[in-house]
Amino acid sequence: MASNGNGEFSFDSKRRSGLPKIQTQKTDDDNVVCHDDSATPVKAQTLDELHSLQKKKSAPTTPIKSPHVFGVAVSEEERQKQQLQSISASLASLTRETGPKVVKGDPARQAETPKVAQSHATHYHHAPTLNISDSALKFTHILYNLSPAELYEQAIKYEKGSFITSSGALATLSGAKTGRSPRDKRVVRDETTEKDLWWGKGSPNIEMDEQTFLINRERAVDYLCSLEEVYVNDQFLNWDPNNRIKVRIVSARAYHSLFMHNMCIRPTAEELEEFGTPDFTIYNAGQFPCNRYTHYMTSSTSIDVNLARKEMVILGTQYAGEMKKGLFSLMHYLMPMRQILSLHSGCNMGKEGDVALFFGLSGTGKTTLSTDHNRYLIGDDEHCWSGHGVSNIEGGCYAKCIDLSREKEPDIWNAIKFGTVLENVVFEEHTREVDYADKSVTENTRAAYPIEYIPNAKIPCVGPHPKNVILLACDAFGVLPPVSKLNLAQTMYHFISGYTALVAGTEDGIKEPTATFSACFGAAFIMLHPTKYAAMLAEKMKKHGATGWLVNTGWSGGSYGSGRRIKLAYTRKIIDAIHSGALLNANYKKTEVFGLEIPTELEGVPSEILDPMNTWPDKKAHKDTLLKLGGLFRKNFEVFTNYKIGTDNNLTEEILAAGPNF
């Protein structure tokens, strides 16, 4: 700060903080950097030396077993070299044969990880007839399974748009893409996937060939290998120890590494030590675009899955949800092969052990309603239903933040603290307080946090067989009842239909709520035909006596734009009555067109809203809109009528009869 001679002061433009530079005089005691009479003085001659000590003291203290070769202990430098070789081998391999075991530890304990020599990478390359890029040998620093604190430092130092908010969460930006890009997702079609996967009309599986996948893979690997620092996470999917999947995520951004640290299951020190070769690997080079002129590409974004190679490649999008949902798609393929049903659902459990599943797309309230302080949270989004019960696939929650408030969603609000990733939120520049109502960046603002941040989370995240199966729909037409009791055939019909209103911002290109159908309440993620998941759900519900419910969290008294969204407080009362069993004993009547059983009264909910017709001032408009929605259901279901469900096909006929009748 300098005076201009008039008593006024101006800031030196060269000083970014706007604070005056502090001048100090050198003394004979300058070599003593730190002295504390209550403890032994720190032996450091320079500030860099002190920082070096600080880093060593604050580095992760995960105990690791020293690897031995023929009884001889391996040095720290050699251990780091072996770890680097293993990860480099994953990148360089073009045949995906079993690679060497990853040696565990923190490579950041030394100033620089030794570079791997070309001979090492070549040693682990199993396809000498295929050339690999030279850049696959140029890794300078693998940052392996860093802690949240270390990832905070990396993000704030290197990634523009990363800030610590007032609650302690890390606010980040995902770039131009603030939602998933389902039209840019590709799956390699080969001899195996040709017969196993769902292809054709209505399918989310857009094909690509092996050669195109390898081209995109090489582009991603080349980009990752050109960076000074690359982040690697080794983690698990599925809390069921008998069906756990090992995944490795290689990414260019600290934000992505922290996101996956939160969303996947975090290994213990012992599990990490014995991790070995991953079952599936993601190469996230989202900052770098794909080549739009490559075969099968339709934009600069491409999310590619190769089930045979057990790999996923991301180019041209930095939205972290692509990794989460890519792994979910993997589970939708692997688990049914083991006769385990994969579910796009939330899940919680009462104190008496009663489990409820919540199916629904983004914006239907799945996360909000499954996060109930009166019940144990098993998970908010992805689950498996096996012969033993249910298990969460993930180790964290991915909650929508738009209009989040402490009063309405206290558990989610309180989970947004140090370690949580906040995507694309807007905050006050000085206080760093987040304005959750601000949609300036996107309506699809998100918070990703470890599941243990929810006080009543059930750890481990497993439970007995479900008692209630709740299908959530955000009805933009305003004609579905707030709650309906479903028979088994109706449950299958609405499960396969997966109706809701797609909320703005959840997917790229969606500007306003749009009526949509998403098979199994997650068509973008399923790999097999929807009827296969439906048949498994019907079998399990029948075997374990679960009851199906359809809950509308959308509009009442008119369509979107004229009616009002059903109050969350009323929906919570409905859900509470389902959990307690009170709704099973209510009096019911049947609606027109859809033939839904709806209660005539429910404590805590105005009786008039239980039947949508009562809330519409224009009865004819209500009937016309009801018929319109029924017609949309029928048209959507046409694609499923040619598939046989059950050995005698009786279930298929029952499901068709459970649809709209007019």
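Mentor: Start with two helices. The axes of H12 and helix H16 (residues 619-637) come within 10 Å and cross at roughly 80°. Remember that this is a predicted model: local features need pLDDT of at least 70, side-chain atom pairs count only at pLDDT 80 or more, and totals for chains, interfaces and linings use all residues. Residues are numbered from 1 along each chain as its sequence is written, and side-chain values use heavy atoms, with hydrogens and water left out.

Trainee: What makes H12 roughly perpendicular to H16?

Mentor: The angle of roughly 80° does. Angles of 65 to 115 degrees count as roughly perpendicular, under 35 as roughly parallel, over 145 as roughly antiparallel and the rest as oblique. So H12 is roughly perpendicular to H16. The axes are lines fitted to C-alpha atoms, for helices over the stretch in contact, and angles run from 0 to 180 degrees between N-to-C directions. Helices (H or I, at least four residues) and strands (E, at least two) are DSSP runs, numbered from the N terminus.

Trainee: Which residues make the contact of H12 with H16?

Mentor: Tyr493, His494, Ile496 and Ser497 on H12, and Phe633, Arg634, Asn636 and Phe637 on H16. Contact means heavy atoms within 4.5 Å. By class there are four nonpolar, three polar and one charged residues. Ala, Val, Leu, Ile, Met, Phe, Trp, Tyr, Cys and Pro count as nonpolar, Asp, Glu, Lys and Arg as charged, and the others, Gly among them, as polar.

Trainee: Why is H12 called roughly antiparallel to H13?

Mentor: Helix H12 (residues 488-497) and helix H13 (residues 530-544) cross at roughly 150°, with their axes within 10 Å. That angle makes H12 roughly antiparallel to H13. Leu488, Thr491, Met492, Phe495 and Ile496 of H12 make the contact, with Pro530, Thr531, Tyr533, Ala534, Leu537, Ala538, Met541 and Lys542 of H13. These residues divide into 10 nonpolar, two polar and one charged.

Trainee: What is the handedness of the crossing of H12 and H13?

Mentor: Right-handed. A crossing is right-handed if the near helix is turned clockwise from the far one by less than a right angle, and left-handed if anticlockwise.

Trainee: Is Phe359 buried or exposed?

Mentor: Its relative accessible area is 0%. Buried means under 20%, exposed over 50%, partly exposed in between (1.4 Å probe, protein chains only). So Phe359 is buried. Phe359 and Leu472 are 113 residues apart in sequence, yet 5.8 Å apart in space, C-alpha to C-alpha.

Trainee: How do you know that strand E18 is mostly covered?

Mentor: Five of the five residues in E18 (residues 382-386) are buried. Glu382, Cys384 and Ser386 lie on one side, His383 and Trp385 on the other. In a regular strand the side chains alternate between the two faces of the sheet.

Trainee: What makes E15 and E18 a pair?

Mentor: Two strands pair if DSSP finds at least two bridges between them. Strand E15 (residues 341-349) and E18 have four, in the antiparallel sense. Leu341 stands opposite Trp385. E18 also joins strand E19 (residues 389-392) by four bridges, again antiparallel. Ser386 stands opposite Gly389 there. E18 and E19 form a hairpin with two residues between them.

Trainee: Why do E6 and E20 stand at the edges?

Mentor: An open sheet of five strands has the order E6-E7-E21-E24-E20, with mixed pairing. E6 and strand E20 (396-400) each have a single partner strand, so one side of each is left without a neighbour in the sheet. Inside the sheet, E7 and strand E21 (residues 421-423) pair in the parallel sense over three bridges. The bridge partner of Ala171 is Leu422 in E21.

Trainee: Which strands are at the edges of the eight-strand sheet?

Mentor: The order of that open sheet is E5-E10-E11-E12-E14-E13-E8-E9. Strand E5 (142-144) and strand E9 (207-208) are the edges, each pairing on one side only.
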